[in-house]
Number of protein chains: 2
Amino acid sequence: MSSATIPPAARTVSTDLRPTAVIYCEANFGLTDGKTANGLVRHSETYRIVSVIDSVEAGRDAGDVLGDGSNGIPVLGCLDDALLDAVATTGTAPAFFIFGMAPTSGMLSADERAIVLHAMSSGMGIVNGLHEFLNDDAEFVSAAALHGVDLIDVRRPPRKQDLRMFTGRIAEVTCPRIAVLGTDGAVGKRTTATVLTKALVDHGIRAVLVSTGQTGLIQGGRYGVALDAIPAQYCAGEMEAAVLDAFHGEDPDVIIIEGQGALSHPAYLTSAYILRGSLPQAVVLQHAPARVADGQFGRVTMPTVESEIRLIETFADTKVIGVTVNHEHMADAEITAAIALFESELGIPATDALSRPTDRLVEMVLAAFPQLDTQLLVTM
Amino acid sequence: MSSATIPPAARTVSTDLRPTAVIYCEANFGLTDGKTANGLVRHSETYRIVSVIDSVEAGRDAGDVLGDGSNGIPVLGCLDDALLDAVATTGTAPAFFIFGMAPTSGMLSADERAIVLHAMSSGMGIVNGLHEFLNDDAEFVSAAALHGVDLIDVRRPPRKQDLRMFTGRIAEVTCPRIAVLGTDGAVGKRTTATVLTKALVDHGIRAVLVSTGQTGLIQGGRYGVALDAIPAQYCAGEMEAAVLDAFHGEDPDVIIIEGQGALSHPAYLTSAYILRGSLPQAVVLQHAPARVADGQFGRVTMPTVESEIRLIETFADTKVIGVTVNHEHMADAEITAAIALFESELGIPATDALSRPTDRLVEMVLAAFPQLDTQLLVTM
């Protein structure tokens, strides 16, 4: 299918120097397992996203699929369509093919291998966020050499001798640290953390984001580690070290830390290491009120915000300072009602990072850390 | 220093078929970082331990150093002494050199590398529980080929494509599961789990132990995984799979799961994955009442039994059914007092797996799972 439904003139004409990239997200764009693609379409510092491949949503605008409104990035039906489209709009094939799905197994299927090899033979470098490393695979390595393209394994952890143990030096970090945790995986923690960081910066507060997953790193996060690829022994230490790097590298007013999974999750527990490694004084909790448990991982009910707050505050010496809503399956009036209910029942601010003014996120942080506002006045 | 202080006649003369092994634990035997050696001296199914190398404790009996009473295994001052001693008592060099320390960094120093190479040139295979894998090191690999010896990297995780994700299939396991957790690392969880399992088996209850650390695996545990070497993404799944393997392989009455670190620990949090992956109905909590926080990892106070129980029972749908005491730095009367205090304050049984009759461990389990006793009567 071609991208004829989106006129090229509607797309952003960019003179930026970022390399172009197409995101592969077959049958998953806009869905949970497409979260890497969903995130990159919303925010990408490293790559200029020229299209998304997903035959199910082909012909639509990527922003519309995500419910964010049109963003001029077309969804196309296959790699060949994406190649043709990129040549038509940019004059050349995309520089990179980003594998934009996060399947549970973390491994490529036979069909997916063939598509990746096709992208390489078309001159694209590969950005791979899976647990399977293309640089460990003889077929991909020889294809990369043959076609002169790069294989970037985003999740590859540091060499074992370079992994860092937890030291307690996190106590050296004098600025506030706020972790954005959630009640589930793929619930919008990274998106809220990204929007929150930008809102604080726009407000004149020097905030820096520390990423903990592959999507944040592909998006261009300068500080972070793909925690779920790290051997458990080193998870708290690598988290601590990433925060120390951000602190010493940026001298920020506040550090925002992206959460992973949920502390209540049956399997995705790296938020436990995030809490211990970054010792956040505060937590913002992301929750999808309309999400229903699907039985995956044997889970039949979703946690409540109340139970997650109790668990987080028992597990770590921290305080949940606000709730952010993921509005999936919710009408606007339902979002408003949910925000009002959380605020009245919990006595802390609530908002939706995507559908409500981002000032509310700044207010949430300033209510907990008024010194950030004072600091702002002093430095202005 | 020679082993002249321990007459060879006092040692166990064994006709068993286990390969002999010397344990290297320089300056750490009996201490926290020597826990692999300490455990192997107490219990080893795979290897027959012929001596321990530690110049600090050289000349003593290994059991005496551990406070367990004499066990006929000498502590010697250096590798050459251990070689001479093994030749004198067994007629040959030990078949294996076990690196019996668990340094925080997980890596070999230059001196340690030289000693390992010396052991290999003396004909010993190497059993390595560190995070650094000898099979990835060109110098060790070529030395192994030259001398015709094996390099066994106990902590090497399965190949990435063989790592297992959590599925929820743990719900298939119909027998009770009891995790032995603790309030700290190196506090005796594995020892208590081992003693508990043996006591249950001696009582006619088919108990099987699932190991979660390198020491348990070197000791010969048939089921288990060195969890801290597993990428975080797969920790819950590998834990679940090890319990499923034990359940389907042994059809046991009860499964005992070795804990790691502590749920309250600043860095060693794999007990979080143990709780979610094995879904234990019950927890036995190991605690060292006389242990003082040493500031490592920035920790200045030890958790109490009460706070750890609250954390465990908030984090997981389980119940702490008993407390076991690590009697380090305690006189016998103090152990008795601590046991009485825990029982009266917490209302659950308490004992010391090493210094008190093991029947008390069996009673602790039967108080929580009376059906195990009924089952015993039915099958008798």
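These questions and answers cover helix packing and the chain contact in a predicted model.

Colleague: How are helix 4 of chain A and helix 5 of chain A oriented to each other, roughly parallel or oblique?
Modeller: Helix 4 spans residues 110-121 of chain A and helix 5 spans residues 138-147 of chain A. They pack at an angle of about 15°, with their axes 9 Å apart. Angles under 35 degrees count as roughly parallel. Therefore helix 4 of chain A and helix 5 of chain A are roughly parallel.

Colleague: Which residues of helix 5 of chain A meet helix 4 of chain A?
Modeller: Helix 4 of chain A brings A:Arg113, A:Val116, A:Leu117, A:Met120 and A:Ser121 to this contact. By class, the contact of helix 4 with helix 5 in chain A has six nonpolar, two polar and two charged residues. The residues on the helix 5 side are A:Glu139, A:Phe140, A:Ala143, A:Ala144 and A:His147.

Colleague: Is the crossing of helix 8 of chain B and helix 9 of chain B left-handed or right-handed?
Modeller: Helix 8 (residues 232-250) and helix 9 (residues 270-278) of chain B pack at about 50°, with their axes 8 Å apart. That angle makes helix 8 of chain B oblique to helix 9 of chain B. The crossing of these two helices is right-handed.

Colleague: How many charged residues are in the contact of helix 8 of chain B with helix 9 of chain B?
Modeller: From helix 8 of chain B come B:Ala232, B:Cys235, B:Ala236, B:Met239, B:Glu240 and B:Val243. They meet B:Tyr273, B:Ile274, B:Gly277 and B:Ser278 in helix 9 of chain B. The contact divides into seven nonpolar residues, two polar and, for charged, one.

Colleague: Which residues of helix 11 of chain B make the contact with helix 10 of chain B?
Modeller: The axes of helix 10 (residues 305-315) and helix 11 (residues 332-346) of chain B come within 12 Å and cross at roughly 50°. Helix 10 of chain B is therefore oblique to helix 11 of chain B. On the helix 10 side of chain B the contact is made by B:Val305, B:Glu306 and B:Ile309. On the helix 11 side of chain B it is made by B:Phe342, B:Glu345 and B:Leu346.

Colleague: Which residues of chain B lose the most area to chain A?
Modeller: The contact takes 40 residues from chain B and 40 residues from chain A. The two chains bury about 3,100 Å² between them, 63% of it on carbon and sulfur atoms. Together, 18% of what the chain B side buries belongs to B:Lys160, B:Gln233 and B:Arg276.

Colleague: How many salt bridges are counted between chain B and chain A?
Modeller: A pair would need a side-chain nitrogen of Lys or Arg within 4 Å of a carboxyl oxygen of Asp or Glu. Between chain B and chain A, the count of salt bridges is zero.

Note on methods
Residues numbered from 1 in each chain as written. Chains lettered and ligands numbered in written order. Predicted model: local features only at pLDDT ≥ 70, side-chain atom pairs only at ≥ 80, totals over all residues. Heavy atoms only, no water. Axes fitted to C-alpha atoms, helices over the stretch in contact; angles between N-to-C directions. Helix = DSSP H or I, 4+ residues; strand = E, 2+ residues; numbered from the N terminus. Parallel < 35°, antiparallel > 145°, perpendicular 65-115°, else oblique. Contact = heavy atoms within 4.5 Å. Nonpolar A, V, L, I, M, F, W, Y, C, P; charged D, E, K, R; others polar. Buried area = accessible area lost by both parts, 1.4 Å probe. Left-handed = near helix turned anticlockwise from the far one by under 90°.
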